[in-house]
Amino acid sequence: MRNLNDFGTSSRWSNFSHLYIERSAKEYPLTRRIRERFAKACVVEIDDYKTVFARPRQRFQAQKESMKLILAVKKDRFLYDGSGNSQNFSFEDFHYNTLMFNCVYNCDYCYLQGMYPSANIVVFVNLEDYFIATREGIRDRSNPAQPFYLCISYDTDLLAFESVVPYCRAWIEFAREEPDLLIEIRTKSAAYRAIRDLPPTGRVILAWTLSPEPVAARYEHGTAPLNRRLEAVRSAIDDGWPVRLCFDPVLAVPSWSALYGDLVEEVVQRIDPAAVRDVTVGAFRLSKDHFQRMRRQRRDTPLLYGEFMQEDTTVTYPAERREEMTAFMRKRLGDHFGEERIFAWT
Amino acid sequence: MPVLLAIALHAEARPVIERFRLKQDASYDLPVFRRDDVWLTVTGTGSMKSAIATASLLARVERDEDTVLFNLGIAGHTQQAADGPVSVGDRFLAHKITERSTGRSFFPDLLARTPLAESVVTTVERPLERADGGTVEPGLADMEAAGFYQAAATFLPPHRIGCVKVVSDHLETRRLDKNRVGELIAGALDEFEAAIAAYRSVRDGRQDVLTGADLQLVEDIRDRLRLTVSRHRMLSDLARSYKLHNGSDLPDLTRFTHVSVKTRQEGDAQFERLRDILSVE
Ligand code: SF4
């Protein structure tokens, strides 16, 4: 008898080996573009993305090593109200949208692991419907004295995927037409080059999440190293874009104060603080449900184990630790950026 | 690490039984053949029979998180015989299984890379006639896959379920003799084995920092201290936290497997002691 274990070494499929395409998504230009881009991928036609995305018993981290792409048409909910776990920057009309589910990166602390049943990436191809809903949102906003503030890279890293799905570009062009819109595109990538040919606009804030390099290397899998993120920040500033720096999440790793203190020093040495629009700070926090689900899947990362407390539906570090971290960051950043440009989640 | 196989016909199963030198296990109501960690059940023809036998096998076998389950069998192909690339004897791994009677489709999760080409499989209630070939999605037509898959997916993650079909005809409704069926399956066995090996090589996710011995120790302490389910979970997480933050093995906790507690308060006191020892701050 052959021993099944001796049957050579076998491998996994690489990312995007398979494209699952909703029948109704087939004719969209983005679908055609992605099919060309992944011409060797196996195409599987589906009726509804949920039949693939929401299968029971999928393993998020196993799928992360072989992510599939699902192309779908979003039928409703083109805008969401901003969550309590994010800064609203004093905007009354604070919204986000979900152009994609999931992310090409795989940060140990990412709440998507606790939020979605699958790590496969869903891309919604009907961009026009989002634009229509956004125009309506702008028109009906509650405070016409303020812009309609919209995060388009909220539950994902849109710029990291720009070479496949050029949505940042499309939204920047859209924002040019909409004087009352203010968009944030947040990233841990160095993919600024993918949009660098576009003239800057004050209606789009390019935001980079910055972490100490040891943290990025160990816990933010697939993301650009700090050095490259800072190069991208510098290019964007030089080109005239409004840039936001996000020190969020600040993680209670060993020697966190030394690591994050050094990070601030490195940033201000390489980036002119006066050229930065604003800065955000926030200690690590998650919704209780996501946290519990993440812990069941991630029994390998110190970031999810240790001292946590629950406040309403949010899980975060104990108050004293959190306040210490936030105050530390505020002080260090305040020395360079001034208090008024720092937005902190406390 | 069990490998489970659900095969409709004896004629299809025979080459597999020979290849793996499986022996019939008469302690089952259904025909079950096994050797070491390979189990094969002959399900009978049709979706319902396949589902019942598959579920019954899954319920009887002690599964672990590496268990894989395959359906293997012959199927018709919608392409006309001389009209395209697919020939009798070609084999495919299903990437979409549609149940014609309900219109529902199911998707095995294709994480493992196998040597097999892939295809849609439509499960029909009775053999599909050539004239009706256009009523299903181009690809394979069988009579079991949808039932098999639905039963399997009740127990297993979708990347541990595979469905392999060997083309036996192009929807001509002539009966195949048993020897021919056996030959077709035998010709697919190298690739089938490779597919099983590929499936088995896929881990379910990140490995728990707690080893089997650690988990056993935590369970022993739970039993000794009569911990509630939530306390047991807390203790496991404290142990994880200790290992992850200290980068070391657990401290010696064996004394907690010898204590005896009579009241809840005593259990609580011991638990607090454990918490102090495992605390990382
Ligand atoms: S970049 Fe953001 S969305 Fe992507 S994995 Fe990391 S935390 Fe999650």
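Start by selecting A:Asn102, which sits in the loop between β7 (100-101) and β8 (106-107) of chain A; helices (H or I, at least four residues) and strands (E, at least two) are DSSP runs, numbered from the N terminus. Before going on, note that this is a predicted model, where local features need pLDDT of at least 70 and side-chain atom pairs count only at pLDDT 80 or more, while totals for chains, interfaces and linings use all residues. Residues are numbered from 1 along each chain as its sequence is written, chains are lettered from A and ligands numbered from 1 in the order in which they are written, and side-chain values use heavy atoms, with hydrogens and water left out.

Back at A:Asn102, check the backbone: phi is near 80°, a positive value in a residue other than glycine. Most residues other than glycine have a negative phi. A:Asn102 is buried, at a relative accessible area of 0% (buried means under 20% relative accessible area, exposed over 50%, partly exposed in between, with a 1.4 Å probe and protein chains only).

Next, hop to chain B and pick B:Asp36, in the loop between β3 (32-35) and β4 (38-42). B:Asp36 also has a positive phi, about 50°, without being a glycine. Is B:Asp36 buried or exposed? With 56% relative accessibility, B:Asp36 counts as exposed.

Stay in chain B and show helices α2 (residues 47-60) and α3 (residues 145-155), which pack at an angle of about 25° with axes 7 Å apart. Axes here are lines fitted to C-alpha atoms, for helices over the stretch in contact, and angles run from 0 to 180 degrees between N-to-C directions. α2(B) and α3(B) are therefore roughly parallel (under 35 degrees; over 145 is roughly antiparallel, 65 to 115 roughly perpendicular and the rest oblique). For the contact (heavy atoms within 4.5 Å), colour residues including B:Ser50, B:Thr54 and B:Leu58 on α2(B), and B:Phe148, B:Ala152 and B:Phe155 on α3(B).

Now return to chain A and find A:Pro249 in strand β14 (residues 243-250). A cis peptide bond joins A:Asp248 to A:Pro249, with omega about 10°. Most peptide bonds are trans.

For the last stop, select A:Gly261 in helix α9 (residues 256-270) of chain A. A:Gly261 counts as buried, at 2% relative accessibility. Which residues is A:Gly261 in contact with, leaving aside its neighbours within four places in sequence? Show A:Trp256, A:Phe328 and A:Arg332. Then draw a distance from the C-alpha atom of A:Gly261 to that of A:Ala275, 14 residues apart along the chain: the separation is 20 Å.
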